[in-house]
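This report covers a pocket, a helix pair and a side-chain contact. The sequence and structure are shown first.

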Amino acid sequence: MFDLVTYARLIMPDSETSTDVASVLVASMVLMSLIAFERRKTLSPAGRRAYQAPMLTAPSPTDTVDTYPHPQQDPAYGILAALPDEVYVIDAASLEIAYLNPAASMSSGLRMEDAVGKPLNAVFDGFDLPSIQTRIGRLVAGASQTELCEVSHGDRPFEVKLALQPFPNAQPRIIAAMRDISERKRAEQEMADFVSTVSHELRSPMTSVKGALNLISSGVAGPITDRAEAMVDMAQRNVDRLLRLINDVLDLQKLDAGMMDMSLERVDVLAFCQDVIVANAGYGHEFGVGLSCSGPREPIYAAIHRDGMTQVLTNLLSNAVKFSPQGQSVELIVARHETGVRLSVTDHGIGIPPEAHDKLFARFVQAHTKIDRQRVGTGLGLNIAKTLVEKHGGNIGFTSEIGVGTTFFIDLPTEDVTLSPASP
């Protein structure tokens, strides 16, 4: 019998929602079991034994066609058969199909008897088999409960959710739920095009406004009163904030579309970080916060995209400065780590609220919303930072304690990284 919570995670990844969905499935199972109970009354003793046998176990050498139950005899398969998504049950080791529901049969053009026993890549042309095997390996090893990926079948994109269904004394099987996401992809592309167009159209006039405000503030257009100068300063701050938002949105568009050049070069990490500190020292001075950088004497080399990693560290340093009390310092520390090299940005500020930890790297998320708006950014910087670090083959994370401070760390590999042709 299926683990209903496992399958609920396939269609509703949120933990609370999946539990509710599982409750509905349990109720359905109870009803179907009652129907099955009434049906068993009409079966012969041999047929009743076959009907009661466990469905999702591999047949033993002594099993026969009469005693090994057919999928349609198990109520759990009735639930799968009623789903509009394509559902396949496959062997975790051989990737051979053990079951497909009517939606999958209609989409693939295969009948149950023709599909069972066939490898998955024999049914789907152009299927990314190594990627699927890697994800199944993580499920079998217990590294994750579900895996999500996208594949192409024909000319249509599909979202595939994989979940492990273990069986006592038998080879585990994988439940794969596939959903056609052609319409969603089309809508996402249209939205991306719209946002990109609007962002480009906004950036040019905002740059002109910023230039005009700078000229007024400098006195080129004539002397201005103190009150007018305060208003110009406020306008400049808001223009800067809008330009940051526009640039962040455009950066996200490039990253999502894979259009950002990420050529890596061999870099002395400590020397690189020291340059970043020098470039951001003026910003720290505005808030009365000092910046420092330290690391080992022996050079540590890593493959880095200079502009991308500069953007990441600048974002982390600016956040640390904004939320640090005046007179405090922010440290950028370079150290060897078990996976390569670790870059840590530590502040001694207000800390990040625990309720914001899980969603901090999501888009348009701001951990602090009840403080001076001048200190609040666009809510995109950490998401961009996470994407850029992952493009380097690294990881980003943080630790924080309210009233004590926060440390963001970046782990980058130092070996086995493909360098750009321009690397020294």
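A polar contact is a pair of N or O atoms within 3.5 Å, where, within protein, one must be able to donate a hydrogen and the other to accept it. The model discussed here is predicted. In this model the side chain of Arg135 makes a polar contact with the side chain of Glu147, at 3.4 Å. Arg135 is found in helix H8, which covers residues 129-140. Leaving aside neighbours within four places in sequence, Arg135 is in contact with Leu148, Cys149 and Leu162 as well as with Glu147.

Helix H12 (residues 306-322) packs with helix H13 (residues 381-391) at an angle of about 145 degrees, and their axes are 9 Å apart. The crossing of these two helices, H12 and H13, is left-handed. On the H12 side, the residues that meet H13 are Gly308, Gln311, Val312, Asn315, Leu316 and Asn319; on the H13 side they are Gly381, Leu382, Ile384, Ala385, Leu388 and Val389.

The second largest pocket has a volume of about 500 Å³. Its lining consists of 19 residues, and Ala192, Asp193, Leu252, Gln253 and Asp256 lie nearest the centre of the pocket. Helix H9 (182-218) and helix H10 (226-257) each supply at least two residues of this lining. The largest share, 8 residues, comes from H9.

| Contact of H12 with H13 | 7 residues | 5 residues | no residues |

Methods
Residues numbered from 1 in each chain as written. Predicted model: local features only at pLDDT ≥ 70, side-chain atom pairs only at ≥ 80, totals over all residues. Heavy atoms only, no water. 1 Å grid on protein atoms, 1.4 Å probe; cavity = no way out; pocket = protein on both sides within 12 Å on 5 of 7 lines; lining within 4 Å. Points joined across faces, edges and corners; volume = space filled by probe spheres on them. Helix = DSSP H or I, 4+ residues; strand = E, 2+ residues; numbered from the N terminus. Axes fitted to C-alpha atoms, helices over the stretch in contact; angles between N-to-C directions. Left-handed = near helix turned anticlockwise from the far one by under 90°. Contact = heavy atoms within 4.5 Å. Nonpolar A, V, L, I, M, F, W, Y, C, P; charged D, E, K, R; others polar.
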